[in-house]
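I opened a new structure today and kept notes as I went. Here is what I looked up.

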Amino acid sequence: MGSASPRDHLMKLLEPVVSAEGLDLEDVTVTQAGRRRLLRVIVDRDGGVSLDDIADVSQAVSAALDDTDVMGQSAYTLEVSSPGVDRPLTEPRHWRRAAKRLVKAELRDGTVVEGRVRSADDSAVDLVVDGDVRRLDYQDLARGRVQVEFRRFDDDDADDAYADVDDDGDEG
């Protein structure tokens with residue numbers, strides 16, 4: 001009979017709080033920062049997270065923590081943020097939220113594929129790789145990462161990029 005980790009307790013406590021604000025709880029970490037601990041809560045949702053969203057969920061998380069002793073009696077700092085561009089893409093929702101973004105996908109067989117996310121569903125992601133659509137099942141993916149681009153890929157660019165690719169991945 002094992003006991004759950006402090007992170008597990010925090011995830012269980014905060015998931016419904018974050019969900020009530022219309023967001024997904026992506027991660028919770030606690031690190032030592034001098035005499036204080038830093039509680040970092042990462043939230044996200046389709047369409048992104050605004051500063052107002054962060055403020056609202058921060059207040060809700062703070063209230064939930066104040067109502068419990070999960071953080072103990074010693075001082076801590078609460079930091080609520082959205083995931084950075086370096087967050088690994090490991091869940092279907094991560095891939096869906098990376099639509100139109102350039103990604104590097106590491107496959108379980110050790111190969112690496114770089115392409116633009118066309119779409120993602122519950123079982124696979126479609127990447128446009130050199131003008132062709134390549135469907136990658138999540139079971140074959142180790143993880144992916146969004147690539148930093150200095151020129152933003154906007155909707156007009158997406159229409160142009162996908163105009164010559166049909167649903168079978170063929171040109172024309």
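My entries follow, from the overall layout down to single contacts.

**Ground rules.** I am working with a predicted model, where local features need pLDDT of at least 70, side-chain atom pairs count only at pLDDT 80 or more, and totals for chains, interfaces and linings use all residues. Residues are numbered from 1 along each chain as its sequence is written, and side-chain values use heavy atoms, with hydrogens and water left out.

**Layout.** I looked up the elements and found four helices and eight strands. Helices (H or I, at least four residues) and strands (E, at least two) are DSSP runs, numbered from the N terminus. Their order from the N terminus is α-β-β-α-β-α-β-β-β-β-β-α.

I then checked burial. Buried means under 20% relative accessible area, exposed means over 50%, and partly exposed lies in between (1.4 Å probe, protein chains only). Of the 172 residues, 34% count as buried. The protein exposes about 10500 Å², and carbon and sulfur atoms supply 44% of that area. Accessible areas come from the Shrake-Rupley method with a 1.4 Å probe; for residues, only the protein chains shown count as cover.

**Helix α1.** I went to α1, residues 6-20, next. Its 15 residues reach 22 Å from first C-alpha to last, close to the 21 Å expected at 1.5 Å a residue. That expected span is 1.5 Å times one less than the number of residues. I noted a kink of about 35° at Leu-14, shortly before the proline Pro-16. The bend is the angle between axes fitted to the seven residues ending at a residue and the seven starting there.

Which residues of α1 are buried? I listed Leu-10, Met-11, Leu-14, Val-17 and Val-18. Their cover includes β1 (24-33), β2 (36-44) and α2 (51-66). After α1 comes Gly-22, with a positive phi near 85°.

**Salt bridges.** Side chains of opposite charge can pair when their charged atoms come close. I counted a salt bridge where a side-chain nitrogen of Lys or Arg is within 4 Å of a carboxyl oxygen of Asp or Glu. The structure holds 15 of them.

I looked at Arg-87 and Glu-26, whose closest N and O atoms are 3.8 Å apart in a salt bridge. Arg-87 lies in the loop between β3 and α3 and Glu-26 in strand β1, so the pair ties together parts 61 residues apart in sequence. Both Arg-87 and Glu-26 are buried.

I turned to Glu-149 and Arg-116, a salt bridge with its closest N and O atoms 2.8 Å apart. Glu-149 sits in the loop between β8 (141-146) and α4 (155-163), and Arg-116 in strand β5 (residues 112-120), 33 residues apart. Why does Glu-149 count as partly exposed? Because its relative accessible area is 28%. Arg-116 is buried, at 13%.

I also found one network of salt bridges that share partners, joining Asp-24, Glu-26, Asp-44, Asp-46, Arg-87, Arg-93, Arg-96 and Arg-97.

**Surface patch.** Last, I looked at the outside. Val-85, Val-148 and Phe-150 form a nonpolar patch with about 370 Å² of accessible area together. Patches are made of residues with over 30% relative accessible area and no salt bridge; like charges are joined within 9 Å, nonpolar side chains (Val, Leu, Ile, Met, Phe, Trp, Tyr) within 5 Å. Val-85 is in the loop between β3 (76-81) and α3 (92-97). Val-85 counts as partly exposed because its relative accessibility is 39%.

Terms used:
Contact = heavy atoms within 4.5 Å.
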